[in-house]
Amino acid sequence: MRALVTGATGKVGHATARALLADGHEVVALVRDVERARGVVPEGVQLVAGDVTDPASLERACAGCEVVFNAMGLPEQWLRDEAEFDRVNAQGSENVVLAARRAGARRLVHTSTIDVFHAEPGARFDESQVADYPKPTAYERSKQRAEELVWAAAGDELEVVMTNPAAVYGPGPMGSASPEKAIFEPVVRKRLPALTPGGFGVVFSDGVGRGQVLAAERGRPGERYILCDGHTELRELAELVVRLAGRGRVPPVLPVPLARAMAAAGEGVARVIRRPPLLPRGQLSFLLWNAKPDSSKAQRELGWEPTPIEDGVRRTLAEMGLLRA
């Protein structure tokens, strides 16, 4: 099978490309800068220059591909220009679908997020609970709109399956929103003064890659699948990191009112200095939502297997060289 992967320089796309290569498939990656991408994407991937905001480049990349994996996106919870979320995450996804249709692709796997679901804070949710109202942050709203545009643009010719991963961590490129950069390393090196309250669902990157491929092979057209290994509070995750690494310090948890005040003040400062805030309000909102994703459907229908959180964290710490010698 010849497959196109968008976002192969990011965590999900990189894991998807690795999983496809491991299964012996031919993999093409759409990248904005071919030379820079050579040192990032897995060896053996064919690189095609382009951008999801450039429809002509997408048509070139999709040519001859049976399956397209749309794994690109801006994962940050804060950007100085919020319109960029919609331009890339939503309109870019629509462009990918239209190009895949025109190229005659059979199936498209669209990577969404658990942020599009509804649940009361701390409650469990599954694929049946898609939010029917705008979520509170620009990032979340862009992912909601991306789903709407993807379904609409597919028409009757292109099969679409969606995956909704939880927070992704593990081997692969580390972006600004990676738990490894935000929690693992600063906790081990004792550089994190305090933890944000709340928690989230997590999923190991290798498992996400396998889930993407299974969605292409076994997913039912028009269905979505949550990929989540389990839920953890941030303090629980920090305690696990310290225990497995054999070193580090578990910081205290910020009181919720103080965290809210810091997030609000930080975004005001960020707009002045043009640098991301330490704690975006969108990130805090997500963490305080603290809802628990249920991946039973993916396990049942795709044969997907979650990675035990302790195993995934241990492998990640080893990959980062953070385990005590």
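Okay, let me start with a rule: a charge sits over a ring if NZ of Lys or CZ of Arg is within 6 Å of the ring centre and within 35 degrees of the ring normal. With that in hand, look at Lys297, which lies over the face of Tyr225 at 5.0 Å from the ring centre. Lys135 does this with Trp289, at 4.5 Å from the ring centre.

Quick housekeeping. This is a predicted model, where local features need pLDDT of at least 70, side-chain atom pairs count only at pLDDT 80 or more, and totals for chains, interfaces and linings use all residues. Residues are numbered from 1 along each chain as its sequence is written, and side-chain values use heavy atoms, with hydrogens and water left out.

Now, rings with rings. Rings of Phe, Tyr and Trp (its six-membered ring) pair if their centres lie within 6.5 Å; planes under 30 degrees apart are stacked, over 60 edge-to-face, and the rest tilted. That rule gives 6 aromatic pairs here. One of them is Phe85 with Tyr139, edge-to-face, 6.1 Å centre to centre with 70° between the planes. Phe85 lies in helix H4 (residues 83-103) and Tyr139 in helix H5 (residues 138-154), so this pair ties together parts that are 54 residues apart in sequence. Helices here are DSSP runs (H or I, at least four residues), as are strands (E, at least two), numbered from the N terminus. Phe85 and Tyr139 are both buried, meaning under 20% relative accessible area, against over 50% for exposed and in between for partly exposed (1.4 Å probe, protein chains only).

Next, Tyr169 and Phe184: their ring centres are 5.9 Å apart and the planes at 55°, so we call the pair tilted. Tyr169 is buried at 2% relative accessible area, and Phe184 is buried at 1%.

Last stop, helix packing. Helix H8 (residues 234-245) and H12 pack at about 55°, with axes 10 Å apart. Those axes are lines fitted to C-alpha atoms, for helices over the stretch in contact, and angles run from 0 to 180 degrees between N-to-C directions. On the H8 side, the residues include Leu237, Leu240 and Val241, and they meet H12 residues, among them Ile309 and Val313.

So what does Thr307 touch, not counting residues up to four places away in sequence? Phe204, Asp229 and Gly312, where contact means heavy atoms within 4.5 Å. Thr307 sits in the loop between helix H11 (296-302) and helix H12 (309-319), and is buried at 13% relative accessible area.
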